[in-house]
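Let's take a walk through a protein structure together.

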Amino acid sequence: MNKASSILLLALLASLAVVLGYAVLSLPGQADGLADTVAAQMDSSGVSHPVTAVLLNFRGYDTLLEMAVLLLALFGVWSLAPQAHAGMSATSAGPVLTALFRLLTPVMILVAGYLLWVGAHAPGGAFQAGSVLAAAGVLMLLCGKRLGGRLAGWPLRVGLVLGTAMFVAVAAAVMLGGAHLLQYPIEWASGLILLIEAAATLSIGITLIALFLGVRPITGQQP
Amino acid sequence: MSSGLNTIAWIVWIILIPLIGAMLCFMWPRRGNLLGMISAIATVVVVVALYLQLLDQGVIRYAVGGWRAPLGIDLYADGLSVLMLLMSALVGLGVSFYARDYFKQDDENPAGFWPLWLLMWTGLNALFLAADIFNLYVTLELLGLSAVALIALAGSKDALAGAMRYLLVSLLGSLCYLLGVALLYHAHGTVDIQLLGSVVTVHPVSYAALGLMIAAMVLKSALFPLHFWLPLAHASAPTPVSALLSAVVVKASFYLLLRLWFDVFPAVTLGLGLLFGVLGAAAILWGSVQALRQTRLKLLVAYSTVAQLGYLFIPFALLSPIAWQGGVYFMLSHALAKAAMFMAAGNILKFGGHDRIADLDRVAQRLPITMTAFCLAGVSLMGLPPSGGFIAKWLLLEAALTFEQWLWAAVIIVGGLLAAGYVFKVVGYAFTQADHSHDARPVALTMEWAALGLAVGAITLGLIAPYPMALLAIGDPLAIREVSP
Amino acid sequence: MSLSMLYALAGVGLFVLGLHGLIVQTHLLRKILALNIMGSGVFMLMVALARRAPENPDPVPHAMVITGIVVAVSATALALALILRLQAMTGRAELPEQQTRP
């Protein structure tokens, strides 16, 4: 773009920055937001970490839709990409990478499990654990390993939708007693949250790995 | 009997059913058509159930998780949301029938049309029922990403480029919107629409958030001059996707604009109304002229969308309740008519293998059902009686003339004439013989009847006006009762 | 000016910088990176202003940012797949009208 329009653009953006900065500075320096409201309801939330409570209980509906968005990204990527062919996966990794993979993968799986468990009372939870699983999976992909024939068909699809499906199932099941969507009975709340998070961890990990691969895996047989 | 049905939380199932359907279609791609149609029909049934429940109970506010706002997320159904739900349900049903024969069943790829479309429908329904501005951000993303993936299904270079541009525009809009949400939350401690409406006052943060969020919605609704991304994206998409995009998806961001305008920012709207009116008028004139200049049918229909979306912004300048009723009615009838028109265009494209308007070789005689659908849809777009488009334009004109806004009335009338211009251009060529005859490829009957069904729906809207108007009044979403002089 | 305001202003700065990159850069990958920078700016603003609470930070914006990050990752993944297809088809990772510019 020519000089005049780039100067005009810079001027416009600078004024935007000034306007936004002024708006931000006009906010009060101290504000509670919803911190107190959340703290007041923590006892009935089923977990003791406020962010997890908001994510999986108070605003769980947002998390449900967000898992649908992640699934949607996978559907989109698979609809665009061709199916992998046999020649694509045979990259031979060097000895260092392979050794790293062998050493780190069990550790990463353990860390993921820990993050899932600790999410109830400290920073952690499904998304964090799922990301660590995904990192282990990316390492696996970089080493040239791929999911074999039968596993890459139906079982893979089950793993991908499991998180969202479990979330929807729990959300709907609690309505059976006349409660609202996602209104966990208080005594079961922590168990249900852990169940949802466990399924979600698996799904998030698998979805992120599949997104990294970018192509549909070769299926050995038709499901 | 009615009390038993009333205890079911239909509002929740409207969102869950398409989501479950999407997952089922992904798991069993071989049964995609069957599972997809079942999900579509189930969704329509549940929408009708909610409509009946609304007529019975009045507005419905549902606290998800049992937590009331501001802690939790509320779902809210009033007349406007149910009208939008019915609109997308009808168009969605027609598109589902159309798509059964349009897409070849691809057993190899589980991620095809149905999972993507059903997730889009989930996003649409969740958007129309949301009462929480952050929740709306997530639904906007659901809608935008599914639209991009659906456009790209066509696989052509134009489709991929159109999808990419649409994706960039959509993400830009969503991020501006999210920044507005962040500012509003940190200023007021809530993201619930009803609560925000009572606390938003004149303040720098309110103006900043207003600017960001309104700009984002105007970009996503393709108001002139931010319409540049629409024509290629809508025209190069697969036909059922084009129908969905023009009929429903652009209306979703417009609906959000209405909600923000009336419920969140009523105290701070400045003189934006006049600006919207002017841009709307520019869209009508410019879009119609561009449509007249097109040589390809689907591009003509896409530019017609740009023009017709301009009518939606005229009520902002007229500021009368009749004008708003006209605007909403316009949204509804345009949805049915434009979906029908795109489907008809798609049939013609499939029939001849091309969509050059000048070479429409006696299509009128060879595809009579499709041409009838096209003509009926054109009647509604032109605003001729009896049709939904006529009622909508009548209301807008009445509002303009009551307030002696002659300029707006002139624009509305000229817009109708220009629409007649491009509709008759197509119809004219459809009756003439082209220089070179083309081999005809068969068009499935379902595809023709789906187009005709929606077109008849647009005409029917002209005959049943009292019902949608009564529905619109429930919950008074457009502040019709509190009219400022 | 408190520390949280400083970070919030930095978030605004990132947002505007990203917007500039989105408009000016022609290569699609850079446009996507610019969008991600804009997103990071918004997230930083949300989290920074949550620190204004006198005792513990407000957890709701943190949850919103986690949701936002996942949505951003999903969008980026789809965008990258689309860029790859576009490049495979046209040979360049740019929008068509920008390919013809000198």
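What follows is a tour of the contact between the chains and then of some salt bridges.

Keep in mind that this is a predicted model. Let's begin where chain B meets chain A. The contact draws 57 residues from chain B and 48 residues from chain A. Together the two chains bury about 4,600 Å², and 75% of that is on carbon and sulfur atoms. Ten residue pairs are in polar contact across this interface. On the side of chain B that touches chain A, the largest share comes from α2(B), with ten residues. Sorted by class, that side has 43 nonpolar, ten polar and four charged residues.

Side chains of opposite charge can pair when their charged atoms come close. Between chain B and chain A there is one salt bridge: A:Arg59 pairs with B:Asp132, with the closest N and O atoms 2.8 Å apart.

Over all chains, the structure holds eight salt bridges. In one of them, B:Asp74 joins B:Arg61 at 2.9 Å between the closest N and O atoms. B:Asp74 sits in strand β2 of chain B and B:Arg61 in strand β1 of chain B, so the pair ties together parts 13 residues apart in sequence. B:Asp74 is buried at 1% relative accessibility, while B:Arg61 is partly exposed at 25%.

B:Arg61 also forms a salt bridge with B:Asp192, at 3.7 Å. B:Asp192 lies in the loop between α7 and α8 of chain B, so this pair ties together parts 131 residues apart in sequence. Along with B:Arg68, these residues belong to a network: B:Arg61, B:Arg68, B:Asp74 and B:Asp192 are linked by salt bridges.

Methods:
Residues numbered from 1 in each chain as written. Chains lettered and ligands numbered in written order. Predicted model: local features only at pLDDT ≥ 70, side-chain atom pairs only at ≥ 80, totals over all residues. Heavy atoms only, no water. Contact = heavy atoms within 4.5 Å. Buried area = accessible area lost by both parts, 1.4 Å probe. Salt bridge = Lys/Arg side-chain N within 4 Å of Asp/Glu carboxyl O. Polar contact = N/O pair within 3.5 Å; in protein donor to acceptor, adjacent residues only side chain to side chain. Helix = DSSP H or I, 4+ residues; strand = E, 2+ residues; numbered from the N terminus. Nonpolar A, V, L, I, M, F, W, Y, C, P; charged D, E, K, R; others polar. Buried < 20%, exposed > 50% of the residue type's maximum accessible area, 1.4 Å probe, protein only.
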